[in-house]
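This report goes through one structure by topic, from strand pairing to single residues. The sequence and coordinates come first.

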Amino acid sequence: MPSRRQFIKASAAGLLGAGLFRPEIGDAGLPPFELIASNGQAVFGDDQENATRVMYYNQSIPGPIIRIPQGKESVIRLQNSLDEPTSVHWHGLRIDNAMDGVPDVTQLPVLPGEQFEYRFTPPDAGTYWYHTHMRSWAQLARGLAGVLIVTEENPPRVDQDLVFAIDDWRLDRNMRIDTASFGSMHDWSHGGRLGNFITVNGDSEPNFEVAGGERIRLRLLNIANARIMNLLFNEPGISVIALDGQPVEPFTPDAGRIVLAPGQRTDLIIDMTSAPGSSTAIELVIGEYAYEIANFTYRPEIRREQLLETPIRLPDNPANKIVLPTEFKHVPLRMQGGAMGGMRSAQFEGREMDIRELVRHKKVWALNGLVGMPSEPLFRVKRGTAISLDVHNDNSWPHAMHIHGHHFVDDRNPGWWRDTILFQRGEHGAMRFLADNPGKWLIHCHMVEHMAGGMLTWFEVT
Ligand SMILES: [Cu+2]
């Protein structure tokens with residue numbers, strides 16, 4: 001057995017004040033939802049003197065859970081009350097390009113005091129999230145993210161529908177957000193900004209009350225800047241029913257372990273079978289340690305003797321019903337750079353630069369020898385072209401590759417449709433999809449320091 005200890009010595013109070021207030025907004029037919037991005041204060045730990053400046057949506061960390069219906073138009077109005085530009089990206093939604101929220105690609109940055117109206121019709125139900133796409137390495141690290149649920153018309157029957165939005169904060173010794181390390185080239189060239197304080201829905205080690213015999217749907221989201229979450233569930237009755245929002249043939253994860261790269265989501269069904277009055281931990285495994293990040297606490301009384309036997313398979317989405325052809329346009333994608341990566345030079349802003357000059361520009365990563373947003377797309381294709389992005393991760397770090405506006409099949413796990421997948425160092429694989437959504441779309445690493453350090457490109461569907 002690995003030894004176990006607290007991840008960090010802190011009270012379980014987690015975020016206090018405004019951070020604990022987590023409203024939900026949603027349902028069809030309402031006037032536009034207001035999403036207000038602003039600066040605020042939150043307290044980690046239990047010393048009220050040590051408030052830290054956060055950025056949040058509707059004064060909540062994470063932002064309010066937005067529930068919108070599948071296949072119907074929703075309007076969400078962003079009000080930027082920050083003192084810097086921002087935008088909102090709807091991660092995993094296959095919506096109109098103009099609504100994708102990428103500054104200077106699909107829209108202008110939303111300036112302080114301005115508004116932007118996002119209007120879209122999500123074709124696929126499932127678990128998604130929304131977050132800033134502007135200076136993410138600082139704005140996301142300060143809290144600008146929230147959960148977006150596109151509701152099924154006929155979801156499987158459950159007793160509770162729970163959300164675990166898991167975040168990783170880097171705090172200093174006063175339990176304030178460590179701002180001295182913002183922009184640290186060490187982080188950017190290594191594994192990204194890794195934190196030292198884990199929260200679930202903005203709380204440290206929250207308890208979730210359950211009852212024996214209950215069936216729970218649990219939506220897991222990794223909203224951290226860079227940490228890969230290796231989770232360990234100590235409940236036997238677990239089935240995975242969706243990945244990145246898309247239904248999968250339900251399966252039991254190996255030894256209760258679930259890996260979530262930054263940006264990824266996993267939906268579970270859990271039949272609660274532990275003893276009344278007991279509690280079971282959800283743990284984060286780092287090296288040989290397992291840290292409790294949340295608990296299920298069983299009520300003394302049970303809900304039912306017999307577990308539900310109704311089907312748990314989710315109704316198909318249009319995304320996971322796409323039929324890929326057997327012939328693809330192959331596009332190689334070589335991930336280069338980083339510490340111990342051996343990259344000597346790469347092209348940035350139209351010019352070949354050696355690594356020292358790149359570092360002066362805070363650029364340390366490249367895709368196919370190009371750093372940052374190139375003026376020409378990685379590929380430009382007619383709508384309906386089948387693409388195989390042939391990825392070679394030949395640097396020394398793992399990367400979580402995300403494609404905007406499309407879901408793809410990972411050829412290493414061909415039954416699953418995803419929007420973000422992890423490539424361990426040395427790994428090769430293909431991301432295969434139908435380029436069927438017109439517009440300019442990003443491809444980038446979702447370890448946001450890697451993206452800021454140059455690991456992003458784009459493609460165009462005409
Ligand atoms: Cu990366």
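Which residue in β27 is the bridge partner of V331? The partner is L389. The model in which this pairing is found is a predicted one.

## Strand β27 and its partners

Strand β21, residues 329-337, pairs with β27 in the parallel sense, and seven bridges connect the two. The pair V331 and L389 belongs to this set of partners, with L389 on the β27 side. With strand β32, residues 428-435, β27 pairs in the antiparallel sense over eight bridges. Here D390 has A430 in β32 as its bridge partner.

β27 covers residues 385-393 and is mostly covered, with seven of its nine residues buried.

## The five-strand sheet and β34

An open sheet of mixed pairing is built from five strands in the order β26-β34-β33-β28-β31. The edge positions are taken by β26 (380-381) and β31 (420-423); each has a single partner strand, so one side of each lacks a neighbour in the sheet.

β34 (residues 456-461) runs antiparallel to β33 (residues 439-445), and six bridges join them. Among the bridge partners are K440 with E460 of β34 and W441 with F459 of β34. Towards β26 the pairing of β34 is parallel, over two bridges, and V381 has V461 in β34 as its bridge partner.

How do the side chains of β34 point? L456, W458 and E460 point one way, whereas T457, F459 and V461 point the other way, and all are buried. In a regular strand, side chains alternate between the two faces of the sheet. Because six of the six residues of β34 are buried, the strand is largely enclosed by the rest of the structure.

## Nonpolar cores

The largest nonpolar core contains 49 residues, and F379, L389, M401, M431 and F433 have the most contacts inside it. In soluble globular proteins, nonpolar side chains tend to be buried together.

Setting aside residues up to four places away in sequence, M401 touches L333, M335, F408, D419, T420, I421, F423, M431, I443, H444, C445 and M455. One of these, M431, is also listed among the residues with the most contacts inside the largest core.

## Copper site

Which atoms coordinate the copper ion? They are ND1 of H399, SG of C445 and ND1 of H450, at 2.0 Å. The spacing of these donor residues in sequence is H-x45-C-x4-H. Both C445 and H450 are buried. C445 is also one of the residues that M401 touches.

## Domains and their contact

The protein is divided into domain 1 (17-151), domain 2 (163-314) and domain 3 (322-461). The C-alpha centres of domain 1 and domain 2 are 21 Å apart. Contact between these two domains involves 31 residues of domain 1 and 29 residues of domain 2.

Domain 1 and domain 2 bury about 2500 Å² between them, with 62% of it on carbon and sulfur atoms. On the domain 1 side, F44, T127 and W137 lose the most area to domain 2, and together they account for 28% of what that side buries.

## Three single residues

D419 sits in the loop between β30 (417-418) and β31. Is D419 buried or exposed? Its relative accessible area is 0%, so D419 is buried. Apart from residues up to four places away in sequence, D419 touches H91, G92, D244, G263, R265, M401, H402, I403, H406, H407 and F408.

G350 is also a loop residue, between β22 (345-348) and β23 (351-354). Its relative accessibility is 66%, so G350 counts as exposed. G350 and A242 are separated by 108 residues in sequence and by 41 Å in space, C-alpha to C-alpha. F116 belongs to strand β7, residues 115-120, and is partly exposed, at a relative accessible area of 22%. Leaving aside neighbours within four places in sequence, F116 is in contact with I76, R77, L78, A98, M99, Q107 and V110. From F116 to D436 the separation is 320 residues in sequence and 26 Å in space, C-alpha to C-alpha.

Notes
Residues are numbered from 1 along each chain as its sequence is written. This is a predicted model: local features need pLDDT of at least 70, side-chain atom pairs count only at pLDDT 80 or more; totals for chains, interfaces and linings use all residues. Side-chain values use heavy atoms; hydrogens and water are left out. Two strands pair if DSSP finds at least two bridges between them. Helices (H or I, at least four residues) and strands (E, at least two) are DSSP runs, numbered from the N terminus. A nonpolar core is a set of buried Ala, Val, Leu, Ile, Met, Phe, Trp, Tyr and Cys residues joined through side-chain atoms within 4.5 Å. Buried means under 20% relative accessible area, exposed over 50%, partly exposed in between (1.4 Å probe, protein chains only). Contact means heavy atoms within 4.5 Å. Donors are N, O and S atoms within 2.8 Å of the metal (3.2 Å for Na, K and Ca); water is not among the atoms, so sites may look incomplete. Domain bounds come from an automatic or database domain assignment. Buried area is the accessible area (1.4 Å probe) that two parts lose on being put together, summed over both.
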